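Please read its points alongside the sequence and the model.

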Amino acid sequence: MGMLLCLAVILSAAENAVVPVLPLGIKPGLSNIAIMAALIYFDGKSALTLAAMKSGFVFLTRSVMAGLMSLSGGIISAIVMLVLFKKTKSSLILTSVLGAVAHNLAQLLCSALITQSSYTLWYYPVLILTGTAAGALTGVVLSVVMPYLKNHFRKEWK
Amino acid sequence: MKKAYFLTKMIISVTIILISSGCTANNATEYSGFFMDSYAQFKVWNGQAKELSQTAEDLDALFSMYNENSDIYKINTNANAVIVHDDTIAIINDTIKLNDEFGGGVDITVGGLTLLWNITSEKPEIPAKEEIDSALLQTGIDKIEIDSTKNTVISQGTRLDLGAVAKGYACDKIKKQLNETDARCAVVTFGSSSLLYGEKPDGQPFRVAIKDPEESGGIIGTFEADACFVSTSGGYERFFEIGGVKYQHILDINTGYPAQTDLISVTVICDGGLKSDFLSTLIFIGGSKGLDKHLNADDYSVIAVTQDKIIYISDDIRDSFELSAAEYTVAS
Amino acid sequence: MKEKIEFIKLKDIIIISAVIFIGLAGLLIPRLFDSGGVCSITLDGKKIYSARLSKETDKVFTLEEAPDFVFEIKNHEIRIVQSPCHDKICVHTGFIGRPGQAIVCLPNKLVVKIEADGADSGADLIIG
């Protein structure tokens, strides 16, 4: 699990290094890969803990607001993915897409609350679309690395 | 072995985080108010709009020729050397440089004439020719002496009026201010000079609409631009009418009268605020006959409208220009 | 623990398509509406009037807080008909109706502004 935390944190950091190049709102959401892996190979509780710890990192290393945003997005999206994956046995892609969209919308809501301004809420369409794309991307990436992860985790459990 | 692996990754990831940057919030703040003799609007994503207005307020306090505590007022009313702020030295020097580069045309020593015409006063009148001529004698940038080491300026009988360049300079300074912050995007406008900063949250270019100076409330057309400075010159709102003739507020330093030009609106887009403000005034005064070399310029773009309602546009923004008013035509 | 995890199912494609559709619709539909935003009048920063232009009928009116001004709404646009200022720049401005436009009376610190209605409401900047 510790490895997954590192993974989540590295992915989120690497992502933030790339973000300035992309238009705002287009976030690959790579850290979601780690959260989904936690869901698949461990359980919902681990996934939620992972999301919380990642946000903790963000809070400690960047700012309160960044941490809050990460927390809202991460937790909500982890919950959504948990329900989809465990309860309704949804597929990989659907989980990652809806998880990414939920992540974006939750962050949007959080930022609107922080700034006490409903103006920002109007960006929801863009975030829905970028979330879909990001979710598809992370889902595909995860499916590609899954065989390797499976081997690693089988070793860890023993 | 596992613990070492874990630790290494932790250290590496923390290092990466410390190096990384970027913010994911998507909030915009807005602020508007009266600055530099115009209604200014500030909008910034990931930043405080009100802070930007502080820069405008500070510069206004330095540059306004009507404010007794401003650097400019002190220069204008003192025969001796006046110690001024860095910004004042900078704006004068930069304007002189631009005048040299473009062969004159925007004279900031026009203060005496401006006061004479007093277009915004209660009862504007056309000044007598003798008064205009004597005011003209007082103009001339050679009458300004600057000492950059001591930060002093001496005006030998001439009066400075930074109206043609102050807002552009303010936009430059605000851009520098924004560079120091996390702001991803901002739109700042003083009406005749504006700053488009960064990139919009939706990734689209900025859409800019040009008001129609003749048809109140109407728009001539819109164009698209990425981050840049935009300035417009034209009779627009500041003018007075006597005997059916419109006297607009941009004075021609050669004649002492409001510039006689067949252009009703000039918009300049480029990478410098002061430069765009300067150029829009210069091109406006120059009339349509001087347009060619400006339309072909490499480092700035122009949209100029003649009183015959013909619009001349530089090639590089021509494609994104959309006409909104039927009475105007775009020149080919 | 060999769990077969599905990559993608047919119903997922339908659901995702619906999500994309909602996103696109949210993006494109506001662009269709370009007129009749909310108009507000502020005096020295304080809001003294607010109305949705698209719902207003043509009328001429004054406001208690700004007794020397006369406003007119016509065809979902608004203008200042009379003002106590000397240069009457605000009166010269005439009618405004699009979000982002404003009429300003500097000496009296009165501003008539049309607010943006949604994420995309025309121009980001109006100059001139």
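**A helix pair in chain B**

1. In helix α7(B), the residues B:K167, B:G168, B:Y169, B:C171, B:D172 and B:K175 meet B:G273, B:L274, B:S276, B:D277 and B:F278 of α8(B). Two residues are in contact here if their C-beta atoms, placed from the backbone, lie within 7 Å. The residues of this contact comprise 4 nonpolar, 3 polar and 4 charged. Ala, Val, Leu, Ile, Met, Phe, Trp, Tyr, Cys and Pro count as nonpolar, Asp, Glu, Lys and Arg as charged, and the others, Gly among them, as polar.

2. The model is predicted: local features need pLDDT of at least 70, side-chain atom pairs count only at pLDDT 80 or more, and totals for chains, interfaces and linings use all residues. Residues are numbered from 1 along each chain as its sequence is written, while chains are lettered from A and ligands numbered from 1 in the order in which they are written.

3. Helix α7 (residues 166–179) and helix α8 (residues 273–286) of chain B have axes that come within 6 Å and cross at roughly 160°. Axes are lines fitted to C-alpha atoms, for helices over the stretch in contact, with angles from 0 to 180 degrees between N-to-C directions. α7(B) and α8(B) are therefore roughly antiparallel to each other, a term used for angles over 145 degrees.

4. How does chain C touch chain B? The contact takes 22 residues from chain C and 26 residues from chain B. On the side of chain C, the elements giving two or more residues are α2 (89–93), β6 (102–105) and β8 (125–127). Helices (H or I, at least four residues) and strands (E, at least two) are DSSP runs, numbered from the N terminus.

5. An open sheet of 4 strands runs in the order β16(B)-β9(B)-β8(B)-β8(C), with mixed pairing. Because β16 (322–323) of chain B and β8 of chain C stand at the edges, each with a single partner strand, one side of each has no neighbour in the sheet. Strands pair if DSSP finds at least two bridges between them. Strand β8 of chain B (residues 206–211) pairs with β8(C) in the parallel sense over 3 bridges. B:V208 stands opposite C:L125, and the bridge partner of B:A209 is C:I126.

6. Chain A has 6 helices and 0 strands. Of its 158 residues, 55% are buried, that is, 20 or more other C-beta atoms lie within 10 Å of the residue's own.

Note on methods:
Buried ≥ 20, exposed ≤ 12 C-beta atoms within 10 Å, placed from the backbone. Parallel < 35°, antiparallel > 145°, perpendicular 65-115°, else oblique.
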